[in-house]
2 protein chains.
Amino acid sequence: MTYTIDSTTEVDLPLAGELGRQLRVDSIRASTSAGSGHPTSSMSAADLLAVLVARHLRYDWDNPGEPGNDHLVFSKGHASPLLYAIFTAAGVITEDELLTGYRRFGSRLEGHPTPALPWVDVATGSLGQGLPDAVGIALAGKYLDRLPYRVWVLCGDSEMAEGSIWEAIDKAAYYRLSNLIAIVDVNRLGQRGPTELFWDLDAYARRARAFGARVLQVDGHDITAIDRVLGDAGANSGDRPTVVLARTRKGDGFSEVEDRENWHGRPFPPAMAARAIIELGGERKLRVRGPLPKPSGHPVRPDAGDGQVRLPRYELGAKVATRKAYGDALAALGARRDVVAMDGEVSNSTHADQFAAAFPERYFEMFIAEQQLVAAAVGVSVRGYVPFASTFAAFFTRAYDFIRMAAVSQADIRLVGSHAGVEIGADGPSQMGLEDLAMMRAVHGSTVLYPSDATSAAALVRAMADRPGVSYLRTTRGAYPVLYAPGEGFPIGGAKVLASSPDDRITLVGAGITVHTCLAAAAELAADGVHARVIDLYSVKPVDTGTLVAAVRDTGGRLVVAEDHHPEGGIGSAVLEALAAAGQRDHVVTQLAVRELPGSGTSEELLDAAGIGAAGILQAARALLG
Amino acid sequence: MTYTIDSTTEVDLPLAGELGRQLRVDSIRASTSAGSGHPTSSMSAADLLAVLVARHLRYDWDNPGEPGNDHLVFSKGHASPLLYAIFTAAGVITEDELLTGYRRFGSRLEGHPTPALPWVDVATGSLGQGLPDAVGIALAGKYLDRLPYRVWVLCGDSEMAEGSIWEAIDKAAYYRLSNLIAIVDVNRLGQRGPTELFWDLDAYARRARAFGARVLQVDGHDITAIDRVLGDAGANSGDRPTVVLARTRKGDGFSEVEDRENWHGRPFPPAMAARAIIELGGERKLRVRGPLPKPSGHPVRPDAGDGQVRLPRYELGAKVATRKAYGDALAALGARRDVVAMDGEVSNSTHADQFAAAFPERYFEMFIAEQQLVAAAVGVSVRGYVPFASTFAAFFTRAYDFIRMAAVSQADIRLVGSHAGVEIGADGPSQMGLEDLAMMRAVHGSTVLYPSDATSAAALVRAMADRPGVSYLRTTRGAYPVLYAPGEGFPIGGAKVLASSPDDRITLVGAGITVHTCLAAAAELAADGVHARVIDLYSVKPVDTGTLVAAVRDTGGRLVVAEDHHPEGGIGSAVLEALAAAGQRDHVVTQLAVRELPGSGTSEELLDAAGIGAAGILQAARALLG
């Protein structure tokens, strides 16, 4: 059979049913050819997706960047064979690519979808992330783009056990995202056996309704019923998100595996695949495109406008917290209409509240739900907005899986963590970010910044706005003297030498709060007649190797690195890695860091106890000088 | 007023009301004396806790280790003044300690509670963690200890926005934890303003009921009603956990702040505190203890029994995946009756299913809820069990905040992450743990292990059982040759030199999969007549500095470190940090790691593409040799 249907013709229901069988067959063919993948998890959702793409998804396949397009997110990313079978049916990839590319080295048809494909918005495969990301896209649609596109999400039933799914439905309801439709493929079987709730659609319904969603239930293999329900879901005129609960069978359409355990994530051996394809009525070559969106007339990327960003200016020596400088700079950046901010219920501490007050229409309160906070940033970045998301540095650890996946999505997001390190004082270790630099440095393609003063903080916030990938800025709770005059440049990848002379005998490297303690230690060394170079390593990744190598060369190879962070993976590691990469052989580096579990106390007490106050640095420097 | 009440007398309701006022007053006194803390968040819950500790909590204050004791977890850890005021009322800390210790340097009365105090089970302060931890304690009570203790948890309303809370209620219902009671202090106000749901107790009730809990509602300032509801909650004869929704007022009892915004986390200035104390009827000196538990007769720590652990034995050269060795060793460890396992719905991949099959009564399936997975491990560790929790290495990033807090709790938990690195092949980057070593190394007091073969994997699993703190084992998907004979020792903190001669000119350092690629590269170098030392760095933290320093000394200071991980914070950093700490000046280290975003492919293709296969190591070695 070969039909070619284009969007000028409405695909009728029998043909959508045929498409469902084709998607199953092609999912089987792709996974069997690759020798890996998830055919049965694709087959359970094939009818749902066939009806969706043939009759409801408004999508211009030739222009994936068209702002008016609906969005389709596979939160159950392991159903990638189904997604790629859809792309084949839409004619945007060839059957040859499907069969020879899937899961192969160098191919864009990866085991789980990524935006290496222009029709994929976000990388999925870590379950429970697609729906939170989609909440961000739907926020953009309703509040920023103000376009009528819908965001359709295919969820698995197993991933409904992830708390992040409920953060997402909660926020979708709070923000009245009637443009969001989650289709849950309730096939009753997870990887190692049945799910918690089996086919208890009513239990899922009670949960989704309690979290504020409109719920529709459907037999996920009844084409007519699916069509009616998706029509209803897509035409949502209310103010609630929709959750479609579809009762399905894993492996549906192939009697040897249908609704059976032990077929998760297993391709069919070739002979078995051949039997499956026969049972499904053979291969088909349908080329199907559904309805087009109304052209939006919007540019592909949102217009930044021509508002001028006037960074705040700070007096040298004035005491200003870098978190306050973040708030000031973010509010200044708000002159760009594409800049968006969000926070996890601590905006009066992070100072994101300044942006919220100035630009309430571009600020999203995410309450205490850090996974959704980061996912919302990823989601609005899909539409080209420039999100800044803030909470305490410690609490970004809650969202590490989302941050890691944002890098796989190649999303451009900006995270700002305040209250870092023991410097925070009395609140104690639960609130101290002491792992964040290690965590953020290990993210692929990330940028990690840690300013010591308000001038550099503001400059770096501005630089982040144009930085691709995941960038992270660490701010400090307390107010410390402004070290740099207004207008000073802080290129990402640079460092500042705050003190230097031809007589330098040692180098003190700090970032953030420890720049101040390094300066104090250098002053004491100077009183002893010892010249010390002081480096402000505000760009932790990428790091300024040249400045470090020069310091090693000029100061007898002696470096003390002080950081308000655990000793592993942070600033000390960044310095050592940089010197190693430069092939710098002859140096000795003393790493000062927070080695014991801290408690409460004042900033000074805790910095001193960790040995990263001026006294500890001085002692380490003297020891190195011998 | 001074009353001294002990557990031989039942505290009557009017006196419980008095205690509620005392707890408010003492919360105010503590936070005002410290100049920081959260009095208003303590005041809202004071009546609830007064009635609980005076009349319902079965607790032997003189024997906090008594296994029959009820447990009390402050999930809203910022209400620490209230908790410490309770300890004062119980007479286990003095008023002097409360007033001069709270939030001070060196004191155990930290800003947020930690187990530095013997009456605190787990550290809290990162919201949404106390309840998941309590699920673990309740699992231990019902299924392991089989004791009638109850686990009472004070939750804040703001933290109900954390997905982890819903993972917890879901699992509590799934495991029919009628011994778990969550008391939600619905005071309507978060840090920066109102919560999402204000005082909509019915909305909370719908959610909790939909997730399987029994729900009771109460006016949180009506002593009589509280008493009735807590009595009902504690006498739960059903099979559901209980959620008590209490409508309260933040700052209750002091008209200047009651139910007002902008008083979160702010102590009252002294004059204001004095007015508050007058309004609350002045200071009291009630000493109140509630009912005692029935003595359990159990030892404080669970009995490990005398079952002999017989580790699996593997033939040299046989191909066995380290994840399989984990399953084998864990099942062998099951001979110890205190060993418990849990997994996040991937036990047939991690091989935890072997333990589940052998010891179903000590295995807990946590489905796809990694935060609850780690929290359950923390919870059962509170009762002295020896938990092993497993999922894919990548998915432990989902629980990083829980892992970080487990370290603050000084919990002894064991995490095992399978499918690490690009070695996993076709599934692609969403499933590749490439940040886990950096993440786990940065955890305070952690142990990080990465065996290269089945023999060492099994030995290290056994060593983890007796290891304090948070320990992490990384396993590999594919099967590789067994390198070590049965019985070989693998002390934590050690390393193995797999090839060495007096003529070694370079050292190749690997761990896990890269030990095999280092060996292959060494073989090729040997064919060129170049002797290379090969180090299996199976203990990534602590690391064997002596073996590394000796290698530097013996092999011309030339090291190549190859790791299946991003280049930041992993094995390369561990080597550099160790050499720096040893003051080793003259070395040059080439770090080979996964520098580009990987896609799908075979293990070999992906290892080679990342430059951590034999060819990449060979090339780096030749470059170093010049």
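How many salt bridges does the rule find across the interface of chain A and chain B?

Author: This is a predicted model, in which local features need pLDDT of at least 70 and side-chain atom pairs count only at pLDDT 80 or more, while totals for chains, interfaces and linings use all residues. Residues are numbered from 1 along each chain as its sequence is written, chains are lettered from A and ligands numbered from 1 in the order in which they are written, and side-chain values use heavy atoms, with hydrogens and water left out.

Across the interface of chain A and chain B, the rule finds 18 salt bridges (a side-chain nitrogen of Lys or Arg within 4 Å of a carboxyl oxygen of Asp or Glu). One of them joins the side chains of A:Asp427 and B:Arg103, at 2.8 Å from N to O. On the side of chain A that touches chain B, 36 residues are nonpolar, 38 polar and 28 charged; here Ala, Val, Leu, Ile, Met, Phe, Trp, Tyr, Cys and Pro count as nonpolar, Asp, Glu, Lys and Arg as charged, and the others, Gly among them, as polar.

The contact (heavy atoms within 4.5 Å) takes 102 residues from chain A and 102 residues from chain B. The area buried between the two chains is about 8,200 Å², with carbon and sulfur atoms giving 50% of it; buried area is the accessible area (1.4 Å probe) that two parts lose on being put together, summed over both. Of the area that chain A buries against chain B, A:Glu196, A:Arg398 and A:Arg585 supply 10%, more than any other three residues.
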